[in-house]
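Biologist: Please show me the model, and I will ask what lies behind each label.

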Amino acid sequence: MSEEDDTRTTRRPGRIWAIALAVVMALGLWAGLAVRQLTSPAAREALTRRIGEIAGLELTARRVGLRIVPTPRLRIEAPTFRDANGGLSGRADAIDAELRWADLLIGRVALSALVVRDADIAVDLDRDAPDWRLRLANPVSGGAGWIPALSLVNARLRVARPSTGLDERLDGLDATLWWRSRHAPASVAAEFRWRAEATRVSAWLGAPATVLAGGESPMRVELHAPSIDLEFGGHLGGERGESLAGRLSLASPSLRRLLWLTTFDPPLPGAAERLRLDCDVNLRARALSLSDTRIELDESDFDGVLSLRYEDGAPSLSGTLDTSRLDLARWLSGAQPLFEPDGAWSQTAIDLPAAGRGSVDLRVSAEKLKWGALSLADTALTISVKRGRAEFAISEATGYGGDLRGRLTVTRSGAGVEARGTAQVARVDLGALSEALTGARRVTGEGGGSLSFEATGATPADLAGRLAGRAQFDLRNGELRGLDLEQALRRGARAQLTGALLAPAARTGFDRLSAVLRIAAGAARIEQGVLAGPGATADLGGAISIPERALSIRVEARQSGARETPPFVFYLAGPWAAPSVLAEPEFRGPPPAVGGR
């Protein structure tokens with residue numbers, strides 16, 4: 001190598017260092033001029049306005065400070081902000097905006113992070129929202145820039161819809177939204193207190209830009225609070241990002257508490273506590289459908305479909321569910337009692353849910369249904385609650401050798417509530433059914449009957465006193481237990497009649513026992529009451545007082561085939577749970593009418 005080449009090689013590093021130094025000095029001068037321009041009050045106000053434009057808000061502040069090193073940061077003190085339509089507004093103690101050096105050097109404002117501290121934020125859902133999709137999908141044409149990281153620190157958020165009465169608040173809200181660029185995934189993590197429950201939420205959206213353009217994106221959501229653990233995985237999309245589809249898993253120690261948290265407050269049974277739900281979710285146009293649904297509620301398991309939609313600002317739940325076993329005793333344990341502890345009808349006012357608090361329309365099919373000792377099979381049950389009206393119906397069921405149906409409707413009225421009901425049984429073993437309902441087998445036989453009634457009142461006692469309706473039954477080939485008409489009639493002595501009737505082991509067989517009861521003002525008057533058996537016949541009359549839960553029944557008994565002989569007449573009178581048997585001279589009540597055959 002020549003001496004000239006050595007000299008040239010030696011000079012190259014020096015030139016490189018000189019060029020680098022010149023560049024650094026130029027950048028420094030440029031940065032210094034930029035900083036000098038940014039530190040003026042007018043420049044800081046312009047920066048504040050620009051940050052508001054990036055966020056899509058009208059932003060004003062009491063004072064603005066700028067820190068250049070190590071990272072440019074604008075501190076906006078005591079700011080107030082609102083969107084163009086007033087749907088979002090609020091104030092904060094401070095907003096810290098971290099700026100990017102590279103953009104500042106070329107005279108452009110770009111954010112790397114925005115932190116809002118101790119803010120009070122209000123969202124009015126009745127006001128038209130700005131077109132956020134336009135702003136985010138087209139930041140230049142929409143007049144907004146980008147916020148890669150947006151954080152709220154100790155914020156208080158109020159979401160209201162005055163037209164429907166919605167008013168929800170989140171306190172102690174710490175949240176961060178990360179969205180590095182328009183085509184990158186977005187995620188959010190938040191902690192807050194909602195209705196006094198500490199709640200954590202995290203979510204991830206794979207392609208936000210695709211959703212903003214009307215397409216679909218994969219997403220995941222998790223929510224954890226004392227009353228709920230929720231996980232969802234699926235897709236979000238639709239023209240306005242309002243469609244959702246995927247698999248949902250939800251668990252709660254108390255369904256009652258969970259529904260209260262969500263402002264959906266339908267009447268619930270006494271159980272309805274431990275819940276686990278797994279289902280496919282499809283949300284479109286404010287209508288949520290749940291299919292391939294598996295529900296574990298207390299001790300019952302259900303499969304089927306559910307739908308939740310909003311009607312006139314109130315949630316409406318409907319669906320069809322199947323279960324292998326349903327225990328109504330547990331579910332009805334919290335229902336308002338009909339009787340006081342002493343056995344009298346309750347004087348407590350009946351409480352029905354007010355209008356607008358949500359509605360329920362469920363069809364439940366149960367292979368086995370139990371209510372205490374009562375057991376039915378293949379039961380179709382309907383539960384409907386809407387706007388001060390509750391309806392419970394068994395459209396079909398089998399049990400005790402026959403078929404059973406019933407319906408009860410309770411509606412709010414000016415006098416309290418109006419109750420209407422019907423019930424029918426056909427070809428049932430009445431002995432087994434009565435034992436399941438009352439715990440005692442006082443009558444046996446096979447047959448059927450029907451009941452229809454209505455009443456209006458504020459309490460169960462009022463309803464009992466104003467009950468009106470009709471009942472009838474017709475039984476064949478059975479017996480009355482605790483009653484032996486044949487022996488009493490054979491003795492022929494009224495003095496011994498009472499003793500024979502009261503014998504615990506006494507029996508009166510019959511080929512037919514039937515009656516029609518007309519109910520008015522709480523009194524069921526017996527018409528066409530007939531007992532016909534191989535050893536005795538009887539015509540039955542009188543009345544049953546439903547408010548007083550007492551009997552006043554007149555019995556004209558004869559030996560079979562001795563229709564022309566004078567009857568033995570006696571009365572069943574007193575509490576219907578333990579009536580006394582009185583001979584006619586002993587009876588002091590009003591003379592009840594006696595029905596014929």
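Biologist: Which residues is Ser346 in contact with, leaving aside its neighbours within four places in sequence?

Modeller: Ser346 is in contact with Pro337, Leu338, Phe339, Glu340, Thr459, Pro460 and Ala461, once neighbours within four places in sequence are left aside. Contact means heavy atoms within 4.5 Å. This is a predicted model: local features need pLDDT of at least 70 and side-chain atom pairs pLDDT 80 or more, while totals for chains, interfaces and linings use all residues. Residues are numbered from 1 along each chain as its sequence is written, and side-chain values use heavy atoms, with hydrogens and water left out.

Biologist: Why is Ser346 called buried?

Modeller: Its relative accessibility is 2%, and buried means under 20% relative accessible area, exposed over 50% and partly exposed in between (1.4 Å probe, protein chains only). Ser346 therefore counts as buried. Ser346 is placed in the loop between helix 7 (328-331) and strand 18 (359-371). Helices (H or I, at least four residues) and strands (E, at least two) are DSSP runs, numbered from the N terminus.

Biologist: What lies 3.1 Å from a polar atom of the Ser346 side chain?

Modeller: The backbone nitrogen of Thr348 does. A polar contact is a pair of N or O atoms within 3.5 Å; within protein, one must be able to donate a hydrogen and the other to accept it, and residues adjacent in sequence count only if both atoms are side-chain atoms.

Biologist: What makes the aromatic pair of Phe339 and Trp345 tilted?

Modeller: The centres are 4.6 Å apart, with 40° between the planes. Rings of Phe, Tyr and Trp (its six-membered ring) pair if their centres lie within 6.5 Å; planes under 30 degrees apart count as stacked, over 60 as edge-to-face and the rest as tilted. The pair therefore counts as tilted. A search of the whole structure finds one aromatic pair.

Biologist: Why does Ser434 count as buried?

Modeller: Because its relative accessibility is 17%. Ser434 is in helix 8 (residues 430-438), where Gly431, Ala432, Leu433 and Ala436 are also buried. The cover over these buried residues includes strand 19 (374-386), strand 21 (402-413) and strand 22 (416-429).

Biologist: Which polar atoms come together around Gly431?

Modeller: The backbone oxygen of Gly431 lies 3.0 Å from a polar atom of the Ser434 side chain. At the start of helix 8, a side-chain oxygen of Asp429 reaches to within 3.2 Å of the backbone nitrogen of Gly431. Just after the helix, Gly439 takes a positive phi of about 85°.

Biologist: How do you know that strand 13 pairs with strand 14?

Modeller: Two strands pair if DSSP finds at least two bridges between them. Strand 13 and strand 14 (residues 275-284) have nine, in the antiparallel sense, including the one from Leu244 to Leu283. Nine bridges also join strand 12 (residues 228-237) to strand 13 (residues 243-252), again antiparallel.
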